[in-house]
Amino acid sequence: MREEEKKPTSTIRRILKQRWALSAIYIASAAIILAAAFLLQNSFDDSAKDGKEESAETGKNYGEPSVEVNSNLETIKMPVADADKSVIKKQFYDVNADEKAQEEALVFYNNRYEQNKGIDIAMEDGKSFDVKASLSGNVTKVQDDALLGNLVEVEHEDGVVTRYQSVKDIKVAVGDKVKQGQAIATAGKSQINEEAGVHVHFEIRKDNIALNPLDFVDKQASAIQSATDAEADKEETPAVEGSEADKETPAVEGSEADKETPAVEGSKADKEETPAVDETDESTDLESGTDEEGSVPGEDTTEESDSLKDSLNQSN
């Protein structure tokens, strides 16, 4: 029985004594570790893919706000589908233009002239057309107005607003989010500019100040902010000139005038006056107890008192 019990242990010992035994054990252990690492790596990759898919699905729900954030990167377009077939019936009134251009940009209505705050766009064939959103944004105003031909306003970033007048069949409402190129209305007519026929009056405003749309068409919306900043810098130039005027010579002359001789002459005149000397003489006379004639007032009073005493004694 003892010999049978010793056979298994002796067999293991014989195997371990072989040269290849330890190497085989190391290789098997390494294979097991690599297999476990591979399985863990695959599980991490699967979880990462699931996370990306979830974030992508979540991002789809916020597609419209992302358009608003990047609206400054959009290129401003004309509010028509085919700009090549459009014509401008009335230009923007530019204060820096010549007299002829300014006259052509005036709108005559009810016996008075009005400056055109935008551009009036029509088609060459005079037919109606879809009015497109020039930039992505939020609709903030929809108004029925026979004089202006109805009105739609779309607000963008940095105080920029695009305005579409003389339209009909309005397809949007206040609070709607529109994308660039989306049809928002159809071109119509207005009483204030009947000569233009079927058209759309298009304006771009920055902080409620009308700008010439043709200056920004095919440019990024951020160009509007840059242009207004440049205008603000030009308007600040007079303040610089005023600061230079403060440094002019009159201030220096005024300081020199404070140092003129009249003050010195006045001091000399004060010293040359005689009343001060007379006062000192009078004060010395009073201290010595004599008047101007040199008499002593105290002696006269004593002599008068003695004469009174003598007369009283005699009467007694």
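I started with helix 2, which spans residues 19–60 and contains Ile25. Helices here are DSSP runs of H or I with at least four residues, strands are runs of E with at least two, and both are numbered from the N terminus. I was looking at a predicted model, so I kept in mind that local features need pLDDT of at least 70, that side-chain atom pairs count only at pLDDT 80 or more, and that totals for chains, interfaces and linings use all residues. Residues are numbered from 1 along each chain as its sequence is written, and side-chain values use heavy atoms, with hydrogens and water left out.

Buried means under 20% relative accessible area, exposed means over 50%, and partly exposed is in between (1.4 Å probe, protein chains only).

**The core**

Next I went to the largest nonpolar core, which has 32 residues. A core of this kind is a set of buried Ala, Val, Leu, Ile, Met, Phe, Trp, Tyr and Cys residues joined through side-chain atoms within 4.5 Å. Which residues have the most contacts inside it? They are Val131, Tyr164 and Ile184. Among the elements that give two or more residues to this core, I noted strand 4 (119–123), strand 8 (160–165) and strand 11 (183–187).

I then listed the partners of Ile184, leaving aside neighbours within four places in sequence. Val131, Ala133, Val152 and Tyr164 are among them, and so are Asp169 and Val178. Contact means heavy atoms within 4.5 Å.

Two strands pair if DSSP finds at least two bridges between them. Strand 9 and strand 11 are joined by two bridges, and I saw Lys168 standing opposite Thr186 of strand 11.

**Strand 4**

Why is strand 4 largely enclosed by the rest of the structure? Five of its five residues are buried, so the rest of the structure largely encloses it. In a regular strand the side chains alternate between the two faces of the sheet. In strand 4, Ile119, Ile121 and Met123 are on one side, Asp120 and Ala122 are on the other, and both faces are covered.

Strand 1 (residues 86–90) runs antiparallel to strand 4 and is joined to it by four bridges, with Ser86 as the bridge partner of Met123. Strand 12 pairs with strand 4 in the antiparallel sense over three bridges, and there Ile119 stands opposite Phe202.

I looked up Asn193 in the loop between strand 11 and strand 12. Asn193 is buried, at 7% relative accessible area. Not counting residues up to four places away in sequence, Asn193 touches Lys90, Asp120 and His199.

Most residues other than glycine have a negative phi. Asn110, in the loop between strand 2 (106–109) and strand 3 (112–115), has a positive phi of about 55°. Asn208 has a positive phi near 65° and is in the loop between strand 12 and strand 13. Asn110 is exposed at 58%, and Asn208 is exposed at 61%.

**Salt bridges**

How many salt bridges does the structure hold? I found six. A salt bridge here is a side-chain nitrogen of Lys or Arg within 4 Å of a carboxyl oxygen of Asp or Glu.

Glu203 and Arg205 form one, their closest N and O atoms being 2.8 Å apart. Glu203 is buried at 3%, and Arg205 is buried at 13%. Both belong to a network of salt bridges that also links Glu153 and Arg163. Lys206 meets Asp207 at 2.9 Å, N to O; Lys206 is buried at 7%, whereas Asp207 is exposed at 52%. My last entry is Lys85 with Asp82, at 3.9 Å, N to O, where Asp82 is partly exposed at 30%.
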